[in-house]
Amino acid sequence: MAHHKGPLGEFYMRDRQRHPPALAQDYKTSVSRSPRFAALSLDQTVSEITGPTFGHGDIAAIDNDLIKNFAQDGDPIGERIVLHGRVLDENARPVPNTLVEIWQANAGGRYRHKKDMYLAPIDPNFGGCGRTMTDENGYYFFRTIKPGAYPWRNWVNNWRPAHIHMSVFGTSFTQRLITQLYFEGDPLIPKCPIVQSLPDQDAVDQLIAALDLNASLPLDSLAYKFDVVLRGRRSTLFENRLEGN
Amino acid sequence: MTQSLSYLRETPSQTAGPYVHIGLAPGAAGFQIYDQELGTDIAGPTAKGERIRVTGRVLDGTGTPVRDVLLETWQANADGIYAHPEDPRFDAVEDGFRGWGRIISDFDTGEWAFETIKPGACAGRNGAMQAPHISFWIVARGINLGLTTRMYFSDVDNSKDPVINMVEHDVRRDTLIAKRSIENGTVVYHFDIVLQGENETVFFDI
């Protein structure tokens, strides 16, 4: 982001029909955790068009390498992958220098979390989290292992498709986003009530990372490409009185 | 047919899930991996203003505390300036003041707390001033798109705040106001967030 002083334009209205509704009956936990009243639409102010900024001093170089960042006496078990892509806005402009954080289960579908009791084993060499900053072109990459599917209590026999959780900031509080990415070809994707909370197939497709052989490392790692789109921003062709008087 | 607009579409949200701590607060998940976790120091050591503690719980539609919630907060400094280059007074922000916090609840009680300084009033639209407030973003298992709200302060005159005054139902405005008390010499604001049902918090689509 350029260090521009003074107010720029608002971010585009969020297309809430692109996102899952708060209440998705088949994702049962949402039933008691979904507001019943409509969210009040707010014209953005300086409180919304600003947001936290991060620098390379906040993270370490190894933080984006999940194969090495928790290794104790070897590499983690599993299918080695590179996960890479760009963070863009709705105007297709790159979002540089923004923090991207990920977390995931290990190759057996087990999370390193004190509340996860699934019987698949913890991998002693795998933590399951990483973070990085996008470069000046909005590009990011991680190295990790492909997570496994795992069962969860919703219906008696629900399985989450393999997925990686991703958190992205952008430049403003309005752009804050957490999502999950899935993997091309996974037959569990259409069976999952959390995936099915999405409004349509086009939205589902946007969350499926594509196998990217061109970016794979021969004899080492497969690669998947996942671009993230954050909300775009108006160009202030006319004074919009965001802050002035 | 018309020309097509070339906008991309925003990536859809998915729930942060029950294990959000692994990625955003791994110490709470039960392991140490990063040199530093982010969002633990909101105001820094030298920020001016009143030092405060904010506590609360996030409650679901049955009144049960949400024990796996993660909150992020965003606020101005005591002069109402955001630590962001698009705030016109950005250069005046104290060293170490970031204005951003990441807070998790206790896994047993659902209670959360953070320490910061009380923000100042800041400019709103069209020359109006906004009463001091802290913006909140709330994610958890069962929340499909992060929820946004604001916390205001009970000891401040909020009657002219343009955002509070947008809330059509007067009875709901109090859901945005944290109650001040003094506990063992510390200024504490209590702010419960109700996801659903009686006294449901006003959430904003920003």
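Reply: A residue is called buried when its relative accessible area is under 20% and exposed when it is over 50%; partly exposed covers what lies in between. The model is predicted.

Start with Asn97(A), which sits in the loop that joins β2 (80–89) to β3 (99–104) of chain A. Its relative accessible area is 44%, so Asn97(A) is partly exposed. The backbone here deserves a look as well: phi of Asn97(A) is positive, about 55°, although the residue is not a glycine. As background, most residues other than glycine have a negative phi.

Leu219(A) is another non-glycine residue with a positive phi, in this case about 65°. Leu219(A) belongs to the loop between β10 (208–211) and β11 (222–225) of chain A. Is Leu219(A) buried or exposed? Its relative accessibility is 96%, so Leu219(A) counts as exposed.

Asp186(A) is a loop residue too, placed between β9 and α3 (201–206) of chain A. Because its relative accessibility is 17%, Asp186(A) falls in the buried class. What does Asp186(A) touch once its neighbours within four places in sequence are left aside? The contacts are Pro161(A) and Ala162(A).

The surroundings of Phe226(A) can be listed in detail. Not counting residues up to four places away in sequence, Phe226(A) touches Leu83(A), His84(A), Gly85(A) and Arg86(A), among others. Its list of contacts also includes Tyr140(A), Met166(A), Leu181(A) and Gln206(A), as well as Leu207(A), Ile208(A) and Ala209(A).

Now chain A as a whole. Its secondary structure comes to three helices and 12 strands. A compact globule of 245 residues would have a radius of gyration near 18 Å, and the 19 Å of chain A agrees with that. Along the principal axes, its C-alpha atoms fill a box of roughly 60 × 40 × 35 Å. Of the 245 residues, 56% count as buried. Among contacts in chain A with a separation of 6 or more, 71% join residues 24 or more positions apart. The accessible surface of chain A is about 10700 Å², and carbon and sulfur atoms account for 55% of it. Chain A carries 27 positive and 28 negative side chains, with the centres of the two sets 6 Å apart.

Chain B is the rest of the setting. It has three helices and 12 strands, and 60% of its 206 residues count as buried. Its C-alpha trace spans about 55 × 45 × 40 Å along the principal axes. In chain B there are 18 positive and 29 negative side chains, and the centres of these sets lie 3 Å apart.

Technical notes: Residues numbered from 1 in each chain as written. Chains lettered and ligands numbered in written order. Predicted model: local features only at pLDDT ≥ 70, side-chain atom pairs only at ≥ 80, totals over all residues. Heavy atoms only, no water. Helix = DSSP H or I, 4+ residues; strand = E, 2+ residues; numbered from the N terminus. Buried < 20%, exposed > 50% of the residue type's maximum accessible area, 1.4 Å probe, protein only. Lys, Arg positive; Asp, Glu negative; His and termini not counted. Charge placed at Lys NZ, Arg CZ, Asp CG, Glu CD. Contact = heavy atoms within 4.5 Å. Rg over C-alpha atoms; globule rule 2.2 N^0.38 Å. Areas by Shrake-Rupley, 256 points an atom, 1.4 Å probe, with all protein chains shown as cover.
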